[in-house]
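Subject: Structure handover

Hello,

Here is the structure we talked about. Please open it alongside this note. My findings follow below.

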Amino acid sequence: MERCRIVHPTNPLEQLDDGLAVFFRGPRSFTTEDVVELHLHSGRAIISSVLGALSQLSYCRPAEAGEFTRRAFLGGRMDLTQVEGLKDLINAETEGQRRIALRAAGGTARAQFDELRTGIIGCLANVEALIDFGEGEDIEEGVYDQARSRAQALLCTIEKHLNDDRRGEIIRSGVRLAIFGPPNAGKSSLLNFLAQREAAIVTPVPGTTRDILELSLDIGGLPVIVADTAGLRKTDDVVESIGIERAKNAVRGADVSLCVLALPDVLPSPSGNMDASSLHIPEEMAELITQDTMFLLNKSDLSSTHTCTAALALSYSQGHTAWAASLGTGEGTGAFLAGFARALHHRFNLRDGEAEQEREVPLITHARHRVHLESARRFLQAFLDTPACDVVLGAEELRYAAQAVGKISGLIDVEHVLDAVFRDFCIGK
Ligand code: GDP
Ligand code: ZN
């Protein structure tokens, strides 16, 4: 590292800045190549004059998005799970996301996948020895059985990782939550309450939220992508009915849905008696309500405590998780938020806050990993199902299993995956 005058490359008398130059000799640099870093004063004029001067050199050009990371990958400094981890780390918004990304970027996932792959290749070596020499000659008896029991153990490990309730993917990419309900029930008020800011337009005019509004929020440490949807009702308005169709699709495509109803509108009888056996839920809602749908009975300020309690009891008796609250006055909203966060954690088999942090971090954090690990599992199973007399076939299955795991790290045919992974990087990372 050297403090130096930064001068124009073709006209050394023209000083551009007074800065630092740092030289990293390959292969110990980030990209594994020789790298020079110029540390400049951050003024816009300085940066553009230095970039302008550099661009006059025929061998200089600005880096493409993700190019530094791509070079690090091609130089073997990082594998694909580390590249993904780095990208996730840059984008991390919750504590859980930061932790799983840091772990992946640091190479822990890489080491685990490498171990699996090495294990499979070990089995393959056993089986290939059998093919080359034949059992009972140079190779001791039972080599095939030995390979089988190793493969069986690897299969168990892979299955353990696959049966993780998608925890890693949920923590990394978030739960998709759809808020739905009739117009004017308080859906946008709920989104604003969750976001703690005025994100959606809250108005007394029914049908204001005509399209879908999405926000990415942190609910009790869990990333949640919340969609506020158009109010569901019968309508002749063309634009509104498109919004309603989209709302229905958003609910169907969500991981979790929360139906918001205004208490006074759903009481079974106009007098507010809770003698009927169910809440009055408009028929537009019925097709979207499943056993998993949760309810927020809003506007509790307009009903008596007794009525709220009875309405809740009714929802529970029908197997639904429900809360009564008033987003207008704030009454019951604290209990709702705490309960809702708990319900989400429960649904995805996650623990709250620190308890989750004490658990083993899931290995699979991207759908891509799951796809390849599932195919590795199938090939290992196929190997186990192959009789010893078909040893050549068995070796083939093992080779495919090792390749499938190799694809996760990016060791095998990855061009298209690379393009997809590096495309989302910012310029110069
Ligand atoms: P959306 O159409 O379901 O999105 O409903 P909004 O959130 O836009 O709310 C509709 C109207 O109900 C607005 O005038 C809100 O101020 C009002 N509102 C929302 N929550 C409450 C509540 O808890 N109590 C009362 N009294 N009014 C509420
Ligand atoms: Zn709305």
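How do the residues of the lining of the largest pocket divide into nonpolar, polar and charged? They split into 15 nonpolar, four polar and seven charged. Here Ala, Val, Leu, Ile, Met, Phe, Trp, Tyr, Cys and Pro count as nonpolar, Asp, Glu, Lys and Arg as charged, and the others, Gly among them, as polar.

Ground rules. This is a predicted model, in which local features need pLDDT of at least 70 and side-chain atom pairs count only at pLDDT 80 or more, while totals for chains, interfaces and linings use all residues. Residues are numbered from 1 along each chain as its sequence is written, chains are lettered from A and ligands numbered from 1 in the order in which they are written, and side-chain values use heavy atoms, with hydrogens and water left out.

**Pocket**

The largest pocket has a volume of about 1,200 Å³. On a 1 Å grid over the protein atoms alone, a pocket is an open set of points with protein on both sides within 12 Å along at least five of seven lines; a cavity is a set where a 1.4 Å probe fits but cannot get out; lining residues have an atom within 4 Å of a point. Volume is the space filled by probe spheres set on the points, which are joined across faces, edges and corners.

The pocket lining has 26 residues, and Val 36, Leu 54, Cys 60, Arg 61 and Phe 68 lie nearest the pocket centre. Strand S3 (35–39), helix H1 (44–55) and helix H2 (67–74) each give two or more residues to this lining. H1 gives the most, with five. Helices (H or I, at least four residues) and strands (E, at least two) are DSSP runs, numbered from the N terminus.

**Cavities**

There are two cavities of 30 Å³ or more. The largest cavity has a volume of about 40 Å³. Its lining is Leu 279, Ile 281, Phe 295, Ser 315, Gln 318 and His 320. That gives three nonpolar, three polar and no charged residues.

**Helix packing**

Start with helix H6 (residues 143–162) and helix H15 (residues 367–385). Their axes come within 9 Å and cross at roughly 150°. Axes are lines fitted to C-alpha atoms, for helices over the stretch in contact, with angles from 0 to 180 degrees between N-to-C directions. H6 is therefore roughly antiparallel to H15 (angles under 35 degrees count as roughly parallel, over 145 as roughly antiparallel, 65 to 115 as roughly perpendicular and the rest as oblique). The contact (heavy atoms within 4.5 Å) includes Tyr 144 and Ala 147 of H6 and Arg 370 and Leu 373 of H15. By class, twelve residues are nonpolar, three polar and five charged.

Helix H5 (residues 108–133) also packs on H15, at about 20° with axes 13 Å apart. So H5 is roughly parallel to H15. Phe 113, Leu 116, Ile 120 and Val 127 of H5 meet His 369, Leu 373, Leu 380 and Phe 383 of H15. Seven of these residues are nonpolar, one is polar and none is charged.

**Backbone**

The peptide bond from Gly 26 to Pro 27 is cis, with omega near 5°. Pro 27 lies in the loop between strand S2 (15–24) and S3. Asp 165 is not a glycine, yet has a positive phi, near 55°. Asp 165 sits in the loop between H6 and helix H7 (167–173).

Best wishes
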